Amino acid sequence: MSRISVELVPRSRSGLKAELAEVTAHLSEVDTVNIPDLTRYSLRSWAGCSFAGPGLTSIPHLRAVDFNPREPLPFLPLLEAHGIEEVLVVTGDAPVDMSAKVYDVDAVDLIRRLSREAPHLRVYAGLDPYRQSFVRERNYLERKLDAGAYGFFTQPFFDLRVADTWGDLLPDGTPVWWGATSILTEASFNYWRARNHAVFPRSFTPTLACNRTFARDLLHFARERGQHAYFMPVKVKVLDYLGGLLGGQQERLPHQEVVWNASL
């Protein structure tokens with residue numbers, strides 16, 4: 001059965017709890033939230049996931065570079081205490097504050113370690129369709145699967161023809177969370193094209209209507225394949241973006257910004 005997730009940024013405990021309550025109350029088809037681990041905020045992803053109520057499954061992002069390979073993994077006790085059984089492992093960007101401690105550990109290393117130390121966890125890895133060639137990214141995905149990854153979260157897609165190509169490249173039966181995000185300004189549009197090398201169809205425009213249409217189409221794409229979808233509202237109210245698509249009515253709620261960790 002297809003699942004739907006919304007990505008929420010853990011800026012503060014109170015803010016995250018409020019956003020979780022909004023999702024639960026107004027987006028009836030959402031059964032999961034995924035929470036990134038952003039070094040500029042003090043609330044770690046796994047702690048934020050512990051706030052999700054019984055109606056939501058929560059998936060924390062784990063940055064491999066943050067964890068000393070010679071010390072116990074600090075998040076495992078909390079995951080066990082709150083019954084969190086799924087995680088997304090990314091390599092992690094270098095910190096802006098160079099005084100922050102990071103380690104020479106990548107996503108494959110952490111996935112392999114979790115396979116040994118927490119084999120009960122369902123570990124997802126990242127799929128970035130833009131950073132390198134199809135062959136090199138596919139080979140990287142195979143290394144993650146060999147290390148113990150269960151499936152993948154993609155970077156956001158903007159063209160379903162590209163997503164369909166990736167669907168054909170992955171091994172049959174591989175669980176995938178197909179991603180979409182909102183782009184509502186020319187600056188954001190240019191950022192995704194120039195910095196992330198994202199592929200857009202000629203028909204794309206940075207408007208709410210265009211983004212909502214693509215979110216609807218991506219959800220249909222995922223469901224046709226028996227896979228999953230997740231949505232990243234950026235600089236748009238979550239219900240303006242997703243209301244009416246994932247259950248509930250459009251309402252005016254406080255602004256929500258969502259950030260994806262680019263190093264997968």
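A residue counts as buried when its relative accessible area is under 20%. Keep in mind along the way that this is a predicted model.

**Stop one: His61.** Select His61, which you'll find in strand β3 (residues 57-63). Buried or exposed? His61 has a relative accessible area of 2%, so it is buried. Show the side chains, and you can pick out a polar contact of 3.1 Å between that of His61 and that of Asn34.

**Stop two: Ser2.** What does Ser2 touch, once neighbours within four places in sequence are set aside? Asp31, Ala222, Arg223, Gly226, Gln227 and His228 are its contacts. Zoom in on Gln227: its backbone oxygen is 2.6 Å from a polar atom of the Ser2 side chain.

**Stop three: the aromatic rings.** Two things describe a pair of aromatic rings: how far apart the centres are and the angle of the planes. The model has 19 aromatic pairs. Start with Tyr124 and Trp177: with ring centres 6.3 Å apart and planes at 85 degrees, this pair is edge-to-face. Tyr124 belongs to strand β5 (residues 122-127) and Trp177 to strand β7 (residues 176-181), so their pairing ties together parts 53 residues apart in sequence. Tyr124 and Trp177 are both buried.

Phe153 has a relative accessibility of 0%, so it counts as buried, and Trp177 is buried with a relative accessible area of 0%.

Which residues make up the cluster here? Select Tyr124, Tyr150, Phe153, Trp177 and Tyr230 together, and you have a cluster linked by ring pairs.

**Stop four: charges over rings.** The charged end of Arg122 sits over the Tyr150 ring, 4.5 Å from the ring's centre. For another view of this kind, go to Phe189 and show Arg193, which lies over the face of the Phe189 ring at 4.1 Å from the ring centre.

Terms used:
Residues numbered from 1 in each chain as written. Predicted model: local features only at pLDDT ≥ 70, side-chain atom pairs only at ≥ 80, totals over all residues. Heavy atoms only, no water. Polar contact = N/O pair within 3.5 Å; in protein donor to acceptor, adjacent residues only side chain to side chain. Contact = heavy atoms within 4.5 Å. Phe/Tyr/Trp six-rings, centres within 6.5 Å; stacked < 30°, edge-to-face > 60°. Helix = DSSP H or I, 4+ residues; strand = E, 2+ residues; numbered from the N terminus. Buried < 20%, exposed > 50% of the residue type's maximum accessible area, 1.4 Å probe, protein only. Lys NZ or Arg CZ within 6 Å of the ring centre and 35° of its normal.
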